[in-house]
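Here's a quick tour for anyone meeting this structure for the first time. Have a look at the sequence and the 3D view, then read on.

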Amino acid sequence: MLKGFRDFILQGNVVELATAVIIGGAFTAIVTAFSDKIINPLIAAVGGAEGPALSFQIKPDVPETTIDLGAVITAAINFLIVAAIVYFIIIVPMNKLNELRKRGAPEEEVPPTAEDLLGDIREILRTQAATTAGGPAEGPASTPGPFDDTESTDPPRH
C-alpha cells in the first residue's frame with residue numbers, strides 16, 4: 001500500500017495539483033482586483049445608482065430578499081479567468097512535456113510467445129545433436145510435439 005502511495009506521489013499528479021492550487025490561490029488577488037476595479041464598475045454603469053448593480057428586491061424594504069445578478073456575473077467571469085489562466089499556463093505546457101517524454105521513450109518490445117521459445121529450444125537441441133554426432137541431425141531432438149510436422153518412430157533421446 002505504501003509503495004502504491006509513493007508511486008502516486010512520484011508520478012507527478014500530486015505535484016501538478018499542488019501547483020494548480022498555489023497558482024490559483026495567488027492569482028485570486030489579481031482576479032479580485034480586476035473584478036472590483038474594472039468589471040464591477042462596468043456592471044454598475046448598466047444598473048441603477050441605488051444599491052448593487054443589476055439587482056432587485058423580491059420584497060420592498062427587506063434587504064435580505066435582494067437578488068444580485070451583478071455579483072453572479074462577476075463570479076462567473078472570475079471563474080473563467082482563473083480557469084483559462086490555469087489551463088494555458090499549467091495544463092497545456094504539462095501536456096506538451098508529457099508528449100515529448102513519450103516521444104523520447106523507447107517502445108516496449110513484445111515478449112516472445114511460448115511457441116516461439118519452444119521452437120528456438122528445439123532448433124538449439126537439433127544443432128547440438130548435429131555437432132555431437134558429427135553430421136546433420138536426422139530427426140527431432142525429442143518426441144514429436146504438437147508443432148512438429150514429422151512423425152518419428154525412434155524412441156525419444158534423453
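Predicted model: local features only at pLDDT ≥ 70, side-chain atom pairs only at ≥ 80, totals over all residues.

A residue is called buried when its relative accessible area is under 20%, exposed when that value is over 50%, and partly exposed in between (1.4 Å probe, protein chains only). Residues are numbered from 1 along each chain as its sequence is written, and side-chain values use heavy atoms, with hydrogens and water left out.

**The overall picture**

- The protein chain has 4 helices and 2 strands; helices (H or I, at least four residues) and strands (E, at least two) are DSSP runs, numbered from the N terminus.
- Follow the protein chain along its sequence and you get the pattern α-α-β-β-α-α.
- Out of 158 residues in the protein chain, 13% count as buried.
- Among contacts in the protein chain with a separation of 6 or more, 34% are between residues 24 or more positions apart; a contact here means heavy atoms within 4.5 Å.

**Helix H3 and Thr74**

- Helix H3 covers residues 69–104, and Thr74 is found in it.
- H3 has 36 residues and reaches 51 Å from its first C-alpha to its last, close to the 52 Å expected at 1.5 Å a residue; the expected span is 1.5 Å times one less than the number of residues in the helix.
- H3 also has a kink of about 35°, centred on Tyr87, where the bend is the angle between axes fitted to the seven residues ending there and the seven starting there.
- Which residues of H3 are buried? They are Gly70, Thr74, Asn78, Val86 and Ile90.
- Setting aside residues up to four places away in sequence, Thr74 touches Ser35, Ile39, Asn40 and Ile43.

**A nonpolar patch on the surface**

- Val46, Leu54, Phe56, Ile58, Ile67, Leu69 and Ile73 make up a nonpolar surface patch, with about 610 Å² of accessible area together.
- Patches are made of residues with over 30% relative accessible area and no salt bridge, where like charges are joined within 9 Å and nonpolar side chains (Val, Leu, Ile, Met, Phe, Trp, Tyr) within 5 Å.
- One of the patch members, Leu69, lies in helix H3.
- Leu69 counts as partly exposed because its relative accessibility is 42%.

**Salt bridges**

- Side chains of opposite charge can pair when their charged atoms come close.
- How many salt bridges does a search of the whole structure find? There are 2, counting a side-chain nitrogen of Lys or Arg within 4 Å of a carboxyl oxygen of Asp or Glu.
- One joins Arg103 and Glu99, with the closest N and O atoms 2.6 Å apart.
- Both Arg103 and Glu99 sit in helix H3, 4 residues apart, which is about one turn of the helix.
- Arg103 is exposed at 58% relative accessibility, while Glu99 is partly exposed at 39%.
- Glu123 and Arg126 meet in a salt bridge as well, at 3.3 Å from N to O.
- This pair lies in helix H4 (residues 114–133), with Glu123 and Arg126 3 residues apart, about one turn of the helix.
- Glu123 is partly exposed at 41% relative accessibility, and Arg126 is partly exposed at 25%.

**The strands and the loop between them**

- Gln57 lies in strand S1 (residues 55–57) and is partly exposed, with a relative accessible area of 37%.
- Neighbours within four places in sequence aside, Gln57 is in contact with Val62, Pro63, Thr65 and Thr66.
- Gln57 and Asp68 are 11 residues apart along the chain, and their C-alpha atoms are separated by 8.7 Å.
- Asp61 is in the loop between S1 and strand S2 (66–68).
- Asp61 has a positive phi of about 65°, although it is not a glycine.
- Is Asp61 buried or exposed? Asp61 counts as exposed, because its relative accessibility is 75%.

Note on methods:
Areas by Shrake-Rupley, 256 points an atom, 1.4 Å probe, with all protein chains shown as cover.
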